[in-house]
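Two packed helices are described by the angle between their axes and the distance between the axes.

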Amino acid sequence: MSRSSDIYGSIRIALVDGDRAFCAGFSSKLRRSRAVYSVDEFNHAEDFWRASARRMYDLLFLDLQLPGTDGLSLLSMLEKRRNKPRPIVLTGVEDELEILKAFRRGAVGYVLKKELHQLRDLIGMAVSDGAVVTSRIAQVLISHVISDRQVARPLSTREHQVLELLVSDLSTDDVARIMGISPHTMRKHIRNIYCKLEVNSRMGLAIK
């Protein structure tokens, strides 16, 4: 028996959506699926934040467009909390930038409300540590990866050498001395590396 089969009926879900009618309808659908143990509804991120400090949830279904604190801000807040629920964005927002922001802030799934199908499988995949995306969102993510590859500018051999030294916690003066180049040339290499890798700090370089 799979892990997802074992957990059905024991899952605690929080739903945060400013649309009260949708919230009520989706909660009812979750309960009818018999895949969950409980569903708590919240129309504001602030209400969920207070409740989740006292009660544990396995999954969080979250709209991005909320009154008060928005969904992306709530995702950022959750990144700092231990024992947080696995957040799945459930929204009508299809903007590529918003989708990428949501994943970068810790979302494990992104589901469009108009593509909400096979609810039981979706819940099982999310609880079993899988990423949850609908077909439209998958297309957006794939297009973004392809676009990134097409515009990527390769580093020169010299720039690779500078980069390796930069991320080893050496100062820029130390790197220039080791490379045998002037501070002016060093700054030029750094500008080129930042531009090609689309970052603006040494921390960004290390992460990239």
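In this predicted model, Leu72, Leu75 and Glu79 of helix α4 are in contact with Glu98, Lys101, Ala102 and Arg104 of helix α5. Sorted by class, the residues joining α4 to α5 comprise three nonpolar and four charged ones, with no polar residue among them.

**Geometry of α4 and α5**

- Helix α4 spans residues 71-79 and helix α5 spans residues 96-104, and their axes come within 9 Å of each other while crossing at roughly 15°.
- Because angles under 35 degrees count as roughly parallel, this crossing makes α4 roughly parallel to α5.
- The crossing in which α4 passes α5 is left-handed.

**Geometry of α3 and α4**

- Helix α3, which covers residues 45-52, packs with α4 at an angle of about 20°, and the axes of these two helices lie 10 Å apart.
- The helices α3 and α4 are therefore roughly parallel to each other, since the limit for that description is an angle under 35 degrees.
- The crossing that α3 and α4 form is right-handed.

**Residues between α3 and α4**

- On the α3 side the contact is made by Ala45, Phe48 and Trp49, and on the α4 side by Leu74, Met77 and Leu78.
- When the residues of the contact between α3 and α4 are divided by class, six are nonpolar, while no polar and no charged residues take part.

Notes: Residues numbered from 1 in each chain as written. Predicted model: local features only at pLDDT ≥ 70, side-chain atom pairs only at ≥ 80, totals over all residues. Heavy atoms only, no water. Axes fitted to C-alpha atoms, helices over the stretch in contact; angles between N-to-C directions. Helix = DSSP H or I, 4+ residues; strand = E, 2+ residues; numbered from the N terminus. Parallel < 35°, antiparallel > 145°, perpendicular 65-115°, else oblique. Left-handed = near helix turned anticlockwise from the far one by under 90°. Contact = heavy atoms within 4.5 Å. Nonpolar A, V, L, I, M, F, W, Y, C, P; charged D, E, K, R; others polar.
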